[in-house]
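Open the model in your viewer and keep the selection tool ready.

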Amino acid sequence: MPRFPHLTRTKGLTGPKQHTALTSAAALAVLAVGTPVAYATLGVDAPSASQSATSAGAARGKAYIETRLLFGTERPDGGPDVTDRQFLAFIDEEVTPRFPNGLTIQDGRGQWRDSHGVIERERSYELTLLYPASEARVRDVQIERIRNAYEKAFAQDSVARIEERTTADF
């Protein structure tokens, strides 16, 4: 007698359709049998359907955009590196007026290929800005002004920009 008598070949069902039907039915059987065992092994009660739905619906936070800007400190023209004092003055003058609700600055070490093909390694700063997704259009213009101002003030080839949609709860 076959191990799964309900999974016998259906008349006229051949090839990939038969394989898909068998695979789907086998996967469901494994999930149905395996779930209570897994929770029993962990020593916890299996969640009920209503508990799972409640957890999924309880997502916290509102839609935000996280923008990270990466600022190098070496000047391609051979001038002196950007100092901490200069960078913080730049933040005070160019960034804080546009993002007064807060920001985060981290020190870093960066590596990238410059416009002449040379791999540069330098001390860098990572600036993180977090703002409501509804403000994305206005903030985009402000962020581009910050990037352009830094490139001009410190003779930089570029300021990298990384963005991600996220949720935030304060």
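Select Glu163 to begin: this residue is partly exposed, at 40% relative accessibility (partly exposed lies between buried, under 20% relative accessible area, and exposed, over 50%, with a 1.4 Å probe and protein chains only). Before going on, note that this is a predicted model, where local features need pLDDT of at least 70 and side-chain atom pairs count only at pLDDT 80 or more, while totals for chains, interfaces and linings use all residues. Residues are numbered from 1 along each chain as its sequence is written, and side-chain values use heavy atoms, with hydrogens and water left out.

**Stop 1**

Arg161 is partly exposed, at 22% relative accessibility. Now extend the selection to Asp140, Glu144 and Arg147: salt bridges with shared partners join these to Arg161 and Glu163 in one network.

Zoom in on Glu144 and Arg161. Their side chains form a salt bridge at 2.6 Å, N to O. Glu144 sits in helix H4 and Arg161 in strand S4 (residues 160-168), so the pair ties together parts 17 residues apart in sequence. Helices (H or I, at least four residues) and strands (E, at least two) are DSSP runs, numbered from the N terminus.

**Stop 2**

Select Arg68 and Glu126. This salt bridge spans 3.4 Å, N to O. Arg68 is in strand S1 and Glu126 in strand S3, so the pair ties together parts 58 residues apart in sequence. The count of salt bridges comes to nine.

**Stop 2: helix H3**

Which residues of H3 are buried? Select Phe87, Phe90, Ile91 and Val95. They cover an arc of only 100° around the axis, so they are on the same side of H3; the arc is that of the directions from the helix axis to the C-beta atoms. Then colour Arg85, Asp92 and Glu93, which are exposed on the other side of H3. Among the elements covering the buried residues are S1, strand S2 (104-113), S3 and H4.

**Stop 4**

Centre on Phe90. Beyond its neighbours within four places in sequence, Phe90 is in contact (heavy atoms within 4.5 Å) with Phe71, Val95, Ile146, Ala149, Tyr150 and Phe154.

How values were computed. A salt bridge is a side-chain nitrogen of Lys or Arg within 4 Å of a carboxyl oxygen of Asp or Glu.
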